[in-house]
Amino acid sequence: MNMVMYMVLDKYQEEIANDFEGKIAVVAGPGSGKTRTLIERTERIYNTGKKPQSILLISYTNKVRSEIKKRLREKKEELEMVNVHTFHSFGVYLLRMHGSLIGINRNFEIIDDEDGKSILNKIYTELNIIKSDFPIKKTLKEMSKIYSKYREQFENSNEFVK
């Protein structure tokens with residue numbers, strides 16, 4: 001007889017670990033057992049016959065994401081196939097997999113402020129722009145405002161970008 005042993009959880013954690021219907025959000029303070037509860041829930045869902053690749057866990061930070069991946073791997077080798085992302089990495093994953101539906105190339109790049117500064121420096125050099133006339137920090141801030149206005153207009157319309 002093959003018996004499955006589960007972790008000891010408190011009544012609230014048990015409630016979460018045994019809820020297999022749809023999505024859940026676990027919000028609690030540090031050291032309260034959020035990760036342990038999610039690992040336990042994931043294992044229990046897997047033990048019902050679900051494929052690990054059909055399970056999605058999303059965390060706020062890469063540190064927590066790494067910890068979840070590590071604990072899943074330690075629990076069962078098969079659980080390594082569970083999709084574990086941060087909110088940002090999941091967004092990137094979706095855009096890479098399905099962005100073509102809205103005209104986004106799957107090989108897009110994400111740039112941060114340092115990349116933006118580097119790009120502007122190259123543009124300024126090529127176009128002989130005097131940096132004191134258009135300070136990079138201020139230019140990046142203005143570009144961000146323009147992007148926000150564009151995004152707001154796009155979100156308020158029913159159109160797709162082509």
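Guide: One term to begin with: buried means under 20% relative accessible area, and exposed means over 50%. Also, this is a predicted model.

Visitor: OK. Which residues of H5 are buried?
Guide: Gly116, Leu120 and Tyr124. They fall within an arc of 70 degrees seen down the axis of H5, so they line one face of the helix.

Visitor: Which exposed residues sit on the face turned away from that buried side?
Guide: Glu114, Lys122, Thr125 and Glu126.

Visitor: How many residues does H5 have?
Guide: Helix H5 has 14 residues, 113-126. From first C-alpha to last, H5 reaches 20 Å, close to the 20 Å expected at 1.5 Å a residue.

Visitor: Now H3. What is buried there?
Guide: Ile68, Lys69 and Leu72 are buried in H3. They cover an arc of only 100 degrees around the axis, which puts them on the same side of H3.

Visitor: And which residues are exposed on the other side of H3?
Guide: Lys63 and Glu74.

Visitor: What do the buried residues of H3 pack against?
Guide: Three elements: H2, strand S1 (56-59) and strand S2 (83-86).

Visitor: Switching to charges. How many salt bridges does the count come to?
Guide: The count comes to 11 salt bridges. One of them joins Lys75 and Glu43, with the closest N and O atoms 2.9 Å apart. This pair links distant parts of the chain: Lys75 is in helix H3, Glu43 is in helix H2, and they are 32 residues apart.

Visitor: Is Glu43 buried or exposed?
Guide: Glu43 is buried, at 5% relative accessible area. Lys75 is partly exposed, at 26%.

Visitor: Which other salt bridge does Glu43 make?
Guide: The side chain of Glu43 also meets that of Lys76 in a salt bridge, 3.5 Å from N to O. Lys76 lies in the loop between H3 and S2 and Glu43 in helix H2, so this pair ties together parts 33 residues apart in sequence.

Visitor: What about helix H6? Which salt bridge is there?
Guide: Glu142 pairs with Lys145 in a salt bridge, the closest N and O atoms being 3.3 Å apart. Both are in helix H6 (residues 136-156), three residues apart, which separates them by about one helical turn.

Visitor: How accessible are Glu142 and Lys145?
Guide: Glu142 is partly exposed at 36% relative accessibility. Lys145 is partly exposed too, at 46%. Elsewhere, salt bridges that share partners join Glu14, Glu40, Glu43, Arg44, Lys75 and Lys76 into one network.

Visitor: New topic: greasy surface. Which residues form the nonpolar patch?
Guide: Leu56, Ile58, Tyr60 and Phe87 form a nonpolar patch on the surface. Together they have about 440 Å² of accessible area.

Visitor: Where does Ile58 lie?
Guide: In strand S1. Ile58 is partly exposed, with a relative accessible area of 33%.

Visitor: Last one. Where is Gly33?
Guide: Gly33 lies in the loop between helix H1 (11-17) and helix H2 (34-47). Gly33 counts as buried because its relative accessibility is 15%, and the cut-off for buried is under 20%.

Visitor: How far apart are Gly33 and Lys51?
Guide: They are 25 Å apart in space, C-alpha to C-alpha, and 18 residues apart in sequence.

How values were computed. Residues numbered from 1 in each chain as written. Predicted model: local features only at pLDDT ≥ 70, side-chain atom pairs only at ≥ 80, totals over all residues. Heavy atoms only, no water. Helix = DSSP H or I, 4+ residues; strand = E, 2+ residues; numbered from the N terminus. Buried < 20%, exposed > 50% of the residue type's maximum accessible area, 1.4 Å probe, protein only. Arc of directions from axis to C-beta. Contact = heavy atoms within 4.5 Å. Patch = residues over 30% accessible without salt bridge, like charges linked within 9 Å, V, L, I, M, F, W, Y side chains within 5 Å. Areas by Shrake-Rupley, 256 points an atom, 1.4 Å probe, with all protein chains shown as cover. Salt bridge = Lys/Arg side-chain N within 4 Å of Asp/Glu carboxyl O. Expected span 1.5 Å × (residues − 1).
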